[in-house]
Amino acid sequence: MYVELHSCSAFSFLEGASLPEELAEAAANSGMPAIALLDRDGVYGSPRFHSAAKKCGINAHIGAEISISDLGDQAGFPSWMPNKLPPRPVRLSLLVKDRMGYQNLCRLITCYKLREKEKGTGSATLQEVAEHSRGLVCLTGGDEGILASSLAHGGYEQARQKIQKLARLFGKRNVYLELQRHFDPLEEQRNQAAVRIADSLNLPFLATNGVRYAQSKDREILDVFTCIRNHCQLGAAGRLLEKNDERHLRSPQEMTELFSDLPQAIANTEQLSDRLEYTLADLGYEFPRYPLPLGETMDSFLRKRTLEGVQQRYGLKNDEQLFAKATKQVEKELQLIEKLKLAGYFLIVWDIVRFCRQQGILVQGRGSAANSSVCYSLGITAVDPVGMDLLFERFLSEERGEWPDIDLDLPSGDQREKVIQYVYQRYGHLGAAMTANVITYRGRSASREVGKALGFDPETLDRLSSLVGQFEWRGPEDNWQSYFQHAGFDLSHLLIRKYLQLCNRIQDLPRHLGQHSGGMVVCQGQLDSVVPLEPATMPGRVVVQWDKDDCSDMGIVKVDLLGLGMMAVLEDCLELIPKHYGKPIDLAQLPADDPFVYETLRQADTVGMFQVESRAQMSSLPRNAPVKFYDLVVQVAIIRPGPIVGKMMNPYMRRRQGKEPVHYAHPSLEPILKRTLGVPLFQEQLLRMAMAAASFTGGEAEELRRAMGFKRSEDRMRQIEIKLRHGMERNGIDAQTQEEIITQITSFARYGFPESHAASFALIAYSSAYLKCHYLAAFTAALLNNQPMGFYSPATIVKDAQRHGLRVRPIDVLQSDWLCTIERTTNKNGDEVPCLRIGLRYVRGLRQKAAEAMVLRAKSEKPFSDISDLVQRVPELQKSELVSLSEIGALNSLGKAVHRRTALWQVERAVRSAGPLLNSVPDESDASPLQQMTNEERLVADFRGSGLTAGPHPMAYCRNTLASMNIKRACDLMYIADGEYTRVAGCVIARQRPGTAKGFVFLSLEDETGIANVIIHPDLYEKYRLIINREKFLRVEGVLQNQDSVISIKASRVLPVAITAADTESHDFH
Amino acid sequence: MAFACIFVPDFPVQAVIRRDPDLRNKPVAVLKGAPPLTKVFAANQAARALGVEMGMTKLQAEACGALEWRWRSPSQEATAQAALLDCAWTISPRAEEGQKESDDELPGNVILDIAGCEKLFGSPEKIANDLRRLAAEVGLEANIGIAANPEAAICAARGFTGVTLIPSGREAVCLGALPLSSLGIPSELLETLDRWGIHSCAELAALPEIAVIERLGQEGQRWHRLSRGTDSRPIIPKESPAQFEECMELDFPVDLLEPLLFVLNRLLDQLCLRLRMHVLATSEVKVSLTLQPDDLRDKQPLLHIRTLRLPMPVSQSKVLLKLLQLDLQVHPPNAPVISVNLSAIPARSRTRQLGLFLPLSPEPEALEITLARLQNTVGEGRVGSPALLDSHKTHAFQQNRFVLSEASIKSLSSQRLTKAALRIYRPPLAADVQLQEKHPVSISCGKVRKPILAFAGPTKTTGEWWSETPWAREEWDVLVPALHSKVRSDAPAKEAEQALYRIYKDLHSKQWFVEGIYD
């Protein structure tokens, strides 16, 4: 029986055209008992290959093609044949025999990958291969291999010597001469030489098909990939392309027939396959052991730290009942942790959190970890799971058989980097690494790269790319065919049809390897023997070859160190508030249930606040009308696909407003659903429902959630449903109620949100709301200093802050720092209040280094007297930067009666040397002959130079004209009756087409008084698609809807409106 | 007033309309690029009014409404530009071809020095109107600007429609209303001026000159002066065309080659004589035969042009005549000829010292005639040096021009000898091949059927799957009793004689062929 022992997947990055799953499936379908994956310089696709093969019931052999620097270049074409084949090092095809071999392969790849200067260029030396050769079997390869290269460059004798050398290196039993037949006479010559060499050296030979794609039609994809890799077009690629389409996965029958003259070549594949014992099931991964003081075990150490935490966290609350309950829960959790041998994991996360606290870095655990009282006691999470009655099984259960997942939220930026570097330093560079992020072809990248390969020009590709829908909702027009038609392509043309097909076919194929934003894996001993490591683009970082799902599937524990912009804002506030308001602040001690905060939330006045600022959140806040912390937890969780798809949102809101009675599907569910008025909103509630209604254990309930989660399998779901029905049957629940409960569970499980996670986020949301309500200047400064983040652009944040009474001062080279700062000003009553100064970071094109030099010289020496003085004393500033500063008015304070145009006029003179002859001649033309900018010009300059304006909103300048057209202001809408036909106009600050909204589009129009919400019907959107997507200012006419104080305009007409040419920005959600 | 500018707006479109006057009042778009990458290259005002924009695809342009579209023709544009120069030369010998906006385009304007022309042609206004009329006669609708300096004249012609006369000293006033973009200021500088709030020529002109120089340098000064209409520069007159031309209007249409050769002979004699007087020869001769149109009212000339590009300069009229004769035999005009235009690109005469020990090679002139004769016999594009192409396609090659050089002799001698030679049948011989278990067992070619004694293969190649002409073939080398005698193809093969053939199957047409025989 033939076994394919040399196949490459698309994880050879542009050198293979099929996913590992496709290869495994094709092998299984053709009746092969096993298949080997040998991707170029890595084992990137092996976890997916392993899982797919397991699913198909075949063996997945692991290996890789290793580039070797000192074996010469790969065989090319003879010199008289014109070709563009770039020189590339020979590759050795290595197959893993046993665990030692796998570890050696990983170490070998890591060894040269960590050395590579440019992605994909690393290669090993023969010496390194010799050091890592144990447990590996070497094939002599196809076109890329050593046999082809030696025959082409040195002839038969040299080839024989090189193979002999390999035999010495790997051992005689571990080198196989490889025969491939792709109907090419040159290859046949090589095969003949291979057989002769094998005979003369007494080595075995075997047949492979050097597979690069699963099916022959995929050769087209490989050709396109080749062009992408070589930056050329198909028409000009010549011999770079495949000669034919024979490198697909052939069936054992085909291969047996093809090698009917050499049956031994086929027999040897099966023989070798039997020798390859290793599979990824035997990864040998071990989580690091936490270093302990003498006499301690990890369990005892964890117990001590946890109990200390219990004292701290619960002892201070003076609630004996709670303390007792907490102690009991902690004990239960500790026992399970001990049983599952997870103490080390908790200690390592605790260690990271402890480091953060020592360094003053804000940290908070998110996700299901907040269900654990051990995590709470260790300070990993901030929500009390006992007090909130959260379900521990959602986090950890005996039945789950996998590592728990703890995600830590950290301030984005430098602070998070500090923590990542700490983990590297603590576990060593070969003991910790980031998980990878496999970048795959998506709509735009596919259309662009395929288009390039087919020879389309950049302008055409730009046009096509701009049409590719990026919204979450896909309407009937959001398909490739429609994009192509809109781009003006003639779909009846063959080339265009091919283009269209290829764009579809390469979707989801890997393009290159990136780095995951925060996932880290750590390992006891050497991580490089578990998975190869590579240098990340960011200096000082190492990344594994697998993405986080692969790591998780392979049982590697990961800790997500996620950067959260709002954490950085909170951290900045902790510094700014004591400094400028003279009051200390402690986030853990913020007044609970502050009435002003809840009043603001009820009014949906939430721009800039964490999690509750989105358009959808704003629309539901007045209906939910939060009055206490738990309402906020619900609020965070309710605007999610789960409750929306599961149709839970409206029942909850109606019950909340007393418009419908609270109803429970079964009395046993009342304690579980009471808090959420009988409506399941959280994953924990589903678990508990299953536990209460069908007597599931915690682990079984978690199993149910997972079965219905993202990777749902029909089979598994059916089995669980049967089990659920049986359970309910036993508990005497009638068929109708069973149906209701099952509907609730199945429709919701997929998108549900853990209550613990919602609670963690609600804590941050409350903090952000509190800070915005009470310390607006500090909060706005911090928010602006941590952009980009959140839902709104800086321009909208500034306008919102101004509407709330914050005075915002424009950028000024004598006053501004790099970051936004807080200054003092006097209000109407003569009181001194804080105000905001926009920082130089908002000057587009201004380099931080130059800005800091300018700030330093202005503050440490003396202020700049005029523009010439600035230019002379800050030589770091380039002309373009000075022009930008002048244009936005940042130089207006340098001299008397200096306006923006004067500054532009003077800057041009100051940066241009008059030459030695005229240097001493005074500049007579300082008085600028240029006109001051008009309001419109100032607006255009502000948005062009800084993306925001501290002056009036663009709409304010046209208000009289707009009023004469009966166009209402956003603030007027609350006084208009429901159902009245209304006109509004404003700057588009957000466009959304959520996947859950059946194609409806939501626009947010901002004017000088606030934000108006517009709802657009899918038909209307199709009609005005171009206007809605492209215009920056819109006039919308339609019926006003005011339901429970949620105000929106249901558009019946959308028109562009000429307000300003300023380049305002809309945050469009995709 | 001393300078005039003839400016043709939407020049590529007008160059097309010039050949097809029926389009004059219609919306016209000129397209460029091979399908499916065809895009709008230029459009006239009427087309723009319909919403046509440059860079649109043909499909998009067609969606704008009833639109006439034509392919871009650089040669028509070149002719139009030459015609424009001719218009200028009619008035003044000092004519400058305007500056191109990009390498890809011709300028579509001409500046001419009209100082002193008043005495010959009348007032500047009359000259302007004459120029406009002349341009119209050659099929171009032009704007004419007349001013005291060339730049002001260009600005006037580009900025205003029709005839514009700027009195001396009134340049700043007349040009003031023009937007700065009409001066052709580079985008970077235009951006700076935009920041300053300067948008029109008058606003730029109002700035103090020294201050402008201090800020924008000499370049700024130039544009500043230009905005005031005071920037003067000498024009660079275009030299008379760098080619020699002879032409003859025939008294009556000629439709036979012999009398035409008689005319050509006379013209060639003159041409070669003039070339020889300059100690020059020619490396390219173009014959432009104006043909009698079917409709005599059609003013658009109908041309039959043949160009002889020679590998070496020639000055003998007899050689040129022979080459032209051979060419016109293959490419005769399809209508009676009413005028003949011969133009020759001059080149230095060939001087070469032959090596004493080099083998004699044929006289280049004689070789050229031989090659032309061969081409006449075997067809165009079938004579030359074959060069391999970078493609997996079997026998993919192109025919390069055959040039006899020493270098090629050397490289020939240093090439490795091939082990086996395959003599290709051109065209391949259609065959029928019988297969057994996917292997060829017998072959029928013509009336002969032979068993296949041995085979090797197959070799499979497929390619150009993205194109209209994908190819896929399967090749075999087969040993069969010889189909024909190896010595003489018409003689029957001997019984024992065996031959090694290459056969192939076109996988698209499923047809078998015998491609060649191995030596």
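View 1. A:Tyr766 and A:Tyr770 sit 4 residues apart in helix H32 (residues 755-774) of chain A, so about one helical turn separates them. Helices (H or I, at least four residues) and strands (E, at least two) are DSSP runs, numbered from the N terminus. The model is predicted: local features need pLDDT of at least 70, side-chain atom pairs count only at pLDDT 80 or more, and totals for chains, interfaces and linings use all residues. Residues are numbered from 1 along each chain as its sequence is written, chains are lettered from A and ligands numbered from 1 in the order in which they are written, and side-chain values use heavy atoms, with hydrogens and water left out.

The ring centres of A:Tyr766 and A:Tyr770 are 6.4 Å apart and the planes are at 35°, so this pair is tilted. Rings of Phe, Tyr and Trp (its six-membered ring) pair if their centres lie within 6.5 Å; planes under 30 degrees apart count as stacked, over 60 as edge-to-face and the rest as tilted. A:Tyr766 is buried, at 7% relative accessible area. A:Tyr770 is buried too, at 8%. Buried means under 20% relative accessible area, exposed over 50%, partly exposed in between (1.4 Å probe, protein chains only).

**View 2. An aromatic cluster in chain A.** A:Tyr345, A:Phe346, A:Phe392 and A:Phe395 form one aromatic cluster. Over all chains, the count comes to 24 aromatic pairs.

View 3. A:Gln515 lies in strand S11 (residues 510-522) of chain A. This residue is partly exposed, with a relative accessible area of 23%. Beyond its neighbours within four places in sequence, A:Gln515 has contacts (heavy atoms within 4.5 Å) that include A:Met434, A:Asn437, A:Met538 and A:Arg541. A:Thr537 is 22 residues from A:Gln515 in sequence and 8.3 Å away in space, C-alpha to C-alpha.

**View 4. An open sheet in chain A.** Its 3 strands have the order S15-S17-S16, with mixed pairing. Strand S15 (808-809) and strand S16 (821-826) are the edges, each pairing on one side only. Two strands pair if DSSP finds at least two bridges between them. S16(A) and strand S17 (residues 832-837) run antiparallel, joined by 6 bridges. A:Thr821 has A:Arg837 of S17(A) as its bridge partner.

**View 5. A nonpolar surface patch.** A:Trp80, B:Leu388 and B:Phe397 form this patch, with about 330 Å² of accessible area together. B:Leu388 belongs to strand S13 (residues 385-388) of chain B. B:Leu388 is partly exposed, at 41% relative accessible area. Patch residues have over 30% relative accessible area and no salt bridge; nonpolar side chains (Val, Leu, Ile, Met, Phe, Trp, Tyr) are joined within 5 Å, like charges within 9 Å. A salt bridge is a side-chain nitrogen of Lys or Arg within 4 Å of a carboxyl oxygen of Asp or Glu. Areas come from the Shrake-Rupley method with a 1.4 Å probe; for residues, only the protein chains shown count as cover.
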